[in-house]
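Reader: I would like to learn how to read the features of a model like this one, taking each general idea before the particular case. Could we start with the charged side chains?

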Amino acid sequence: MQPSPPSSDRLFNNADSFAYVFDQAWRQLSSGHASGSGGNEALLEAVLVQLADHPFALADPAMARQVGEFRIRLLGL
């Protein structure tokens with residue numbers, strides 16, 4: 001039996017899964033986000049709203065925010 005290929009539509013209740021989709025959402029939203037319209041904080045809020053139905057965000061919204069903030073610092077976004 002061969003393992004199934006990774007799929008971006010598979011979401012798991014863990015920080016790694018959330019970080020993966022967070023990075024995608026950040027890139028997508030930041031490309032259309034006007035600079036000076038609230039900066040990274042406003043963009044972070046927009047991403048968290050977009051990912052609010054992710055299992056990790058539903059289970060622990062405070063930790064999801066921390067993961068997002070960490071990704072921003074880690075990637076220098």
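Author: A salt bridge is a side-chain nitrogen of Lys or Arg within 4 Å of a carboxyl oxygen of Asp or Glu. Side chains of opposite charge can pair when their charged atoms come close. Before the cases, some conventions: this is a predicted model, in which local features need pLDDT of at least 70 and side-chain atom pairs count only at pLDDT 80 or more, while totals for chains, interfaces and linings use all residues. Residues are numbered from 1 along each chain as its sequence is written, and side-chain values use heavy atoms, with hydrogens and water left out.

Reader: How many salt bridges does a search of the whole structure find, and which residues are linked in a network?

Author: The search finds three salt bridges, and Glu 41, Glu 45 and Arg 65 are linked in a network of them. Helices here are DSSP runs of H or I with at least four residues, strands are runs of E with at least two, and both are numbered from the N terminus. Glu 45 also meets Arg 65 in a salt bridge, at 2.5 Å from N to O, and this pair again joins H2 to H4, across 20 residues.

Reader: Which residue forms a salt bridge with Asp 23, and which parts does the pair tie together?

Author: The partner of Asp 23 is Arg 71, with the closest N and O atoms 2.4 Å apart. Because Asp 23 lies in helix H1 (residues 15-31) and Arg 71 in helix H4, the pair ties together parts that are 48 residues apart in sequence. Asp 23 is buried, with a relative accessible area of 10%, and Arg 71 is buried at 16%. A contact means heavy atoms within 4.5 Å, and, leaving aside residues up to four places away in sequence, Asp 23 touches Arg 71 and Leu 75.

Reader: How should I read helix H1 itself, and what covers its buried residues?

Author: The expected span of a helix is 1.5 Å times one less than its number of residues; H1, with 17 residues, reaches 24 Å from its first C-alpha to its last, close to the 24 Å expected. Its buried residues include Phe 18, Val 21, Phe 22 and Trp 26, and what covers the buried residues of H1 includes H2, helix H3 (55-59) and H4. The C-alpha atoms of Asn 14 and Asp 60 are separated by 9.7 Å, although the two residues are 46 residues apart along the chain. Asp 60 is found in the loop between H3 and H4 and is partly exposed, with a relative accessible area of 32%.

Reader: Which residues form a nonpolar patch on the surface?

Author: Patches are made of residues with over 30% relative accessible area and no salt bridge, like charges being joined within 9 Å and nonpolar side chains (Val, Leu, Ile, Met, Phe, Trp, Tyr) within 5 Å. Here Phe 70, Leu 74 and Leu 75 form such a nonpolar patch, with about 280 Å² of accessible area together, the areas coming from the Shrake-Rupley method with a 1.4 Å probe and, for residues, only the protein chains shown counting as cover. Leu 74 has its place in helix H4 (residues 61-75).

Reader: What pattern does the protein follow along the sequence, and what are its totals?

Author: The protein follows the pattern α-α-α-α, with four helices and zero strands. Buried residues make up 27% of its 77 residues. Among contacts with a separation of 6 or more, residues 24 or more positions apart account for 58%. The accessible surface comes to about 5100 Å², of which 57% belongs to carbon and sulfur atoms.

Conventions:
Buried < 20%, exposed > 50% of the residue type's maximum accessible area, 1.4 Å probe, protein only.
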